[in-house]
Amino acid sequence: MPRARAAPFTLALALLVTVGSARADEPQITSTLSASEITLDETVQLTVHLTRDASQPYQGYQRPDLKDFDILHQGQAESTQWTINNGRQSVRTVEQHVYLLRPRHRGNCVVPPAVARVAGREWKSRQLSVLVTAAARRPPGSTPQPAEQPLLDPDAMRGDEELFLDARADKPTVYIGEQLLVTWSLYTRADILRYRAVTEPKHEDFWSEDLFSPPGSLSWTRQTVKGQEFQAALLLKKALFPLRSGKLTVTPLEAEATTLQTAFWAGGSAVRASRPIAVEVLPLPAQGRPEGFESANVGRFEVAAMLDKTQVKAGDAVTLRLIVRGEGNLKNVKLRKIERLDGFKVYEPTVAEHVEKGDLVRGDRVWSYLLLPQKGGTLALPSIEMPYFDPHEKRYAIARSQPLTVEVLGDPAKIGSGPAEASKENVLGARLLPLRNTHHVATRIGERIIRGPLLWVVVGAPPSLLLLATVGGALRAALVRETARTRRRRARAAARRRMREAEVHLKGQRPSQFFGACARAIYEHLEYRCEVKCEALTVDELRRLLSGRGFDPETTLAIVSELEICDFARFAPSASGPGEMRAAIRRVRNLLAAIEKASLTDEDAS
């Protein structure tokens with residue numbers, strides 16, 4: 001009876017566990033904002049987390065329709081989690097989408113839900129909102145783009161020309177690095193049948209950005225100049241950034257045009273040249289110049305910093321993105337390089353830019369740093385500063401990012417350095433069973449063995465088995481005896497196995513696993529030659545070990561550099577393409593040969 005009463009309770013408990021497990025397997029999508037109230041000149045970070053079962057079909061992710069914001073930058077990270085619950089293993093994929101946003105207007109700005117489609121169903125995050133108040137001042141880089149202006153009347157035209165080529169600069173005087181907008185236009189009173197540029201304008205003392213060139217045929221508009229009707233077409237538009245001070249000149253544009261009236265004349269095509277453009281370039285003022293100012297940083301800029309993750313486990317890396325956005329020569333903008341950060345190992349950054357080419361060159365440039373935490377706890381990333389010169393205000397200013405923090409779970413220093421944890425096994429203790437008196441059938445088997453021919457078999461079997469075991473053990477010991485030749489043969493086989501593994505990952509386009517296999521091949525071959533577990537050593541300890549064992553400086557530098565490359569590529573797989581992977585596998589093969597050929601100081605002569 002007690003078991004019958006306990007059955008409903010057990011069934012209910014099993015149902016609750018099943019329902020809880022089913023809910024845990026459901027996808028989860030959440031959205032969070034770094035602030036609930038900002039000003040019009042500030043930015044806010046939106047983070048969307050999507051957690052889903054890796055075994056479920058995944059149809060895709062759709063970002064929020066951010067109509068109230070400009071997306072200054074966006075990033076994505078993905079990780080995998082393995083869990084075992086009640087003996088059941090589950091694999092979940094965690095996606096993180098990060099957006100750096102700037103509001104377009106004051107008031108309540110809405111962030112609509114993000115949508116993910118998993119296993120044929122849609123899952124949405126909740127809708128968020130940000131209260132945007134008026135800006136205290138105009139932020140750097142916020143000057144609106146000017147609308148497309150009609151062509152201005154050429155000052156040098158008389159009004160009776162049949163064909164005229166005009167060149168015009170938007171200002172006569174600029175500072176070093178300040179944008180100069182130059183346009184070339186063609187005016188005619190006849191129909192142009194054919195046009196081609198004979199000589200392009202030269203501007204050797206300027207950095208140039210092409211803003212417009214005719215895609216094919218010219219686009220004509222009617223314009224009245226000095227009381228006469230003309231057809232006008234824009235030929236060329238460039239943004240020029242002077243590189244030195246003084247009086248600089250842009251040479252004329254020469255073009256050949258054939259009109260309807262001159263098409264049937266021999267040599268009837270007319271060649272016209274624009275006037276040269278002279279510009280007075282002023283040096284940047286020395287007064288008020290801040291420390292660390294780069295001469296290329298001229299314009300209006302703002303600096304933002306963002307992390308792909310704010311919380312990581314010990315041993316995982318984070319990506320810091322520094323974004324410079326504004327007006328100016330963005331391809332030449334320089335940001336002070338981060339050499340070191342307290343608590344982090346800093347890798348070389350990758351740089352990318354996006355330039356919007358209107359009448360005013362603007363856009364953003366992004367430096368992406370891979371940071372590997374070296375200690376646990378909450379680590380601070382300081383504000384990044386970029387001094388620049390504002391030619392509109394004619395003064396220096398400093399753009400600053402906001403400081404950030406990263407929470408590191410665990411202690412990276414203990415990873416791989418401590419003794420391995422004792423394996424936890426679910427061992428059942430011996431069961432004590434009660435003694436039971438069992439009846440058995442008496443037989444005469446023993447008597448038959450002692451008095452029959454089986455006695456010699458029973459007596460001779462143990463010595464024979466002992467002899468066979470002794471001879472087999474001696475042969476086995478001879479086969480597995482450790483010698484220099486067997487060690488070398490085993491090391492070569494391990495190296496070939498690692499290289500085959502790397503080639504498989506190369507064909508499958510898996511950079512992280514590829515560079516991991518290359519690094520293990522190098523470490524295992526060093527362990528064979530040096531008889532030291534090299535993988536647990538730091539870079540400086542490895543360099544001292546190799547030098548002390550007799551490796552030449554060139555080979556030592558090559559080994560350490562290749563291990564650094566593998567270490568970086570494992571955490572930044574997107575930075576390594578197939579070409580780099582093929583080059584790496586050639587370098588590793590050469591290094592393995594060099595490691596084996598090296599004459600070590602205290603190596604066994606055998």
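Visitor: Against which elements do the buried residues of α4 pack?

Guide: In this predicted model, α4 has buried residues that include A491, A495, R498, A502 and L506. The elements that these buried residues pack against are α5 and α8.

Visitor: Which element gives the largest share of the largest nonpolar core?

Guide: The largest nonpolar core holds 32 residues, and F514, I522, L526, F551 and I559 touch the most other members. Two or more residues each come from α4, α5, α6, α7 and α8. The largest share, 10 residues, is given by α5.

Visitor: Which residues does F514 touch, not counting residues up to four places away in sequence?

Guide: F514 is among the residues that touch the most other members of the largest nonpolar core. With residues up to four places away in sequence not counted, F514 touches A502, H505, L506, M581, A584 and I585.

Visitor: Is P113 buried, partly exposed or exposed?

Guide: P113 lies in the loop between β7 and β8. Beyond four places in sequence, P113 touches P64, K124, S125, R126 and Q127. Buried requires under 20% relative accessible area and exposed over 50%. The relative accessible area of P113 is 26%, so this residue is partly exposed.

Technical notes
Residues are numbered from 1 along each chain as its sequence is written. This is a predicted model: local features need pLDDT of at least 70, side-chain atom pairs count only at pLDDT 80 or more; totals for chains, interfaces and linings use all residues. Side-chain values use heavy atoms; hydrogens and water are left out. A nonpolar core is a set of buried Ala, Val, Leu, Ile, Met, Phe, Trp, Tyr and Cys residues joined through side-chain atoms within 4.5 Å. Buried means under 20% relative accessible area, exposed over 50%, partly exposed in between (1.4 Å probe, protein chains only). Helices (H or I, at least four residues) and strands (E, at least two) are DSSP runs, numbered from the N terminus. Contact means heavy atoms within 4.5 Å.
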